[in-house]
Amino acid sequence: MSNEQCFSKTLVPGPQSPVPIFLVDGVGRNIDYLRVSVTDRCNLRCLYCMPNEGVGWIPHEDVLRYEEILKICRVLAGLGIKSVRVTGGEPLLRRELAVFISELKAVKGITKVGLTTNGVLLGEQLEVLWKAGLDAVNISINTMDREKFMRLTRIESAVNVISVIDQALEMGFEVKVNTVMIRGFNEEEITAIAGLAKTRNIAARFIELMPLGEAASFKPFYAHEAAALIEGTYGTLLPVSAKLGNGPAVYYAIAGFAGHIGFISPMSRRFCETCNKLRLTASGFLKLCLCGDKGIDLRGLVRGGASDEEINGLIREQLALKPAGHRFDESVGAENGGAAFGGSVNMFRIGG
Ligand code: SAM
Ligand code: SF4
């Protein structure tokens, strides 16, 4: 395919041409959502995400500086990215994150900025993040039991994440709770975690574990199993037709609940046909899909002095290569460490 053909497919003028612009990939999906990892470092060591030792961190000089991320985000916003989620590793470990978030919010075309965090450092930074204009926080809670938390994360923490959620809600943040379901570890807590949405206007979301890196030696617990547990305790899950988020979660209401229940089912329900996402790793690689190694080394381009137009052109050209779907179901599992899509690549490195 020539570049010209490719461009006409990837950049489609909206109804009031030339703005808004929609970025469309090779199979017609509208790409408007970016995950940005600002670090691969973490203050926890979740068993399913990170090895305890020998992690092999990205050298500091290879991590994108904030101004480099912002340059990339400006180009992407010009192409149609509207919503950005900042993640890691643990993003709150990176210095001056709130300053970066305020600059990100100021990028023309970006209408929403969220943060995904394990919550340990969130309480002390909530105020400065609110002032920076952060819109939403996704907080990971895989267990509410202190001893199990220690076993899972290999770290002791006295932080009461539930009270941090309440503070965040009080300030006005949109709050989601993310629970990765691990068979034999936390299925007994699913109903209690879902129950957090009874009196709080939050989305409690249950995520099927994907067999990436360390996670390949754990077994997923599936969304339909979680749904049955939740319905058994709280009553019928009622489908919600309104769009509640930017991602692949499917949301439900429960009579008498202030919040919602969500399921993210990469294993049992392939949602690739609606994927609207790109990922920028901390080292500046623009990943087209969670699976595989397709993408662009934007750090090399930015540091090599590429103009915005050159970066723009390359992204549009490469977008045609965004895979139509992931391959978790093809020979991926404990026996091969996820070899079908890059072996030992853990989520902390990709930016979950
Ligand atoms: N440290 C932050 C946190 O834990 O929320 C942000 C980064 S973490 C990589 C982002 C999310 O990815 C977390 O909710 C984490 O539980 C999830 N995650 C990590 N490995 C995963 C896997 N193999 N399958 C599904 N979710 C995973
Ligand atoms: Fe750190 Fe998040 Fe990975 Fe846990 S899931 S090790 S908190 S990056």
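## Strands β13 and β14 and the sheet they belong to

In this predicted model, strand β13, which spans residues 277-280, pairs with strand β14, residues 285-287, in the antiparallel sense, and two bridges hold the pairing. Within this pair L280 stands opposite L286 of β14. Strands of a sheet pair through backbone hydrogen bonds, and the pairing may be either parallel or antiparallel.

Both strands belong to an open sheet of 12 strands with mixed pairing, whose order is β10-β11-β12-β9-β8-β7-β6-β5-β4-β13-β14-β15. The edges of this sheet are formed by β10 (238-239) and β15 (295-297), each of which pairs on one side only. The secondary structure of the chain as a whole comes to 12 helices and 15 strands. Of the 352 residues of the chain, 44% count as buried, and among the contacts with a separation of 6 or more, 72% are made by residues 24 or more positions apart.

How much of β12 is buried? Five of its five residues are buried, so that the strand is described as mostly covered by a sentence that applies to both of its faces. H260, G262 and I264 are buried on one side of β12, and I261 and F263 are buried on the other. In a regular strand the side chains alternate between the two faces of the sheet.

## Strand β9 and residue A203

Strands β9 and β12 run parallel and are joined by five bridges, and in β12 the bridge partner of R205 is G262. Helix α9 (residues 223-234) lies across β8 (174-181), β9 (203-208) and β12 (260-264), running at about 160 degrees to β12.

A203 is found in strand β9.

In helix α5, which covers residues 146-153, the buried residues are F149, L152 and T153. These residues cover an arc of only 80 degrees around the axis, and therefore they lie on the same side of α5. On the other side of the helix, E147 and R151 are exposed. Just after α5, R154 takes a positive phi of about 60 degrees.

Helix α6 (residues 161-171) has V161, V164, I165 and A168 as its buried residues. Seen down the axis of α6, these buried residues fall within an arc of 105 degrees, so they line one face of the helix. The cover over the buried residues of α6 includes α4 (122-132), β7 (136-140) and β8, whereas S163 and E170, on the other side of α6, are exposed. Just after this helix, G172 takes a positive phi of about 115 degrees.

## The surroundings of the two ligands

Which residues come nearest to ligand 1? There are 20 residues around ligand 1, and of these S140, M210, A215, M347 and G352 come nearest. Strands β6 (112-117) and β8, together with helix α12 (347-350), each supply at least two residues of the shell around this ligand. By type, the shell around ligand 1 divides into 11 nonpolar residues, eight polar residues and one charged residue.

Ligand 2 is surrounded by C42, L44, R45, C46, C49, M50, G88, G89, E90, N118, M347 and F348. The shell around ligand 2 divides into seven nonpolar, three polar and two charged residues. M347 is found among the residues that come nearest to ligand 1 and is also part of the surroundings of ligand 2.

Notes. Residues are numbered from 1 along each chain as its sequence is written. Chains are lettered from A and ligands numbered from 1 in the order in which they are written. This is a predicted model: local features need pLDDT of at least 70, side-chain atom pairs count only at pLDDT 80 or more; totals for chains, interfaces and linings use all residues. A residue is near a molecule or strand if its C-beta atom, placed from the backbone, lies within 6 Å of it. Ala, Val, Leu, Ile, Met, Phe, Trp, Tyr, Cys and Pro count as nonpolar, Asp, Glu, Lys and Arg as charged, and the others, Gly among them, as polar. Two strands pair if DSSP finds at least two bridges between them. Helices (H or I, at least four residues) and strands (E, at least two) are DSSP runs, numbered from the N terminus. Two residues are in contact if their C-beta atoms, placed from the backbone, lie within 7 Å. Axes are lines fitted to C-alpha atoms, for helices over the stretch in contact, and angles run from 0 to 180 degrees between N-to-C directions. A residue is buried if 20 or more other C-beta atoms lie within 10 Å of its own, exposed if 12 or fewer, and partly exposed in between; C-beta atoms are placed from the backbone. The arc is that of the directions from the helix axis to the C-beta atoms.
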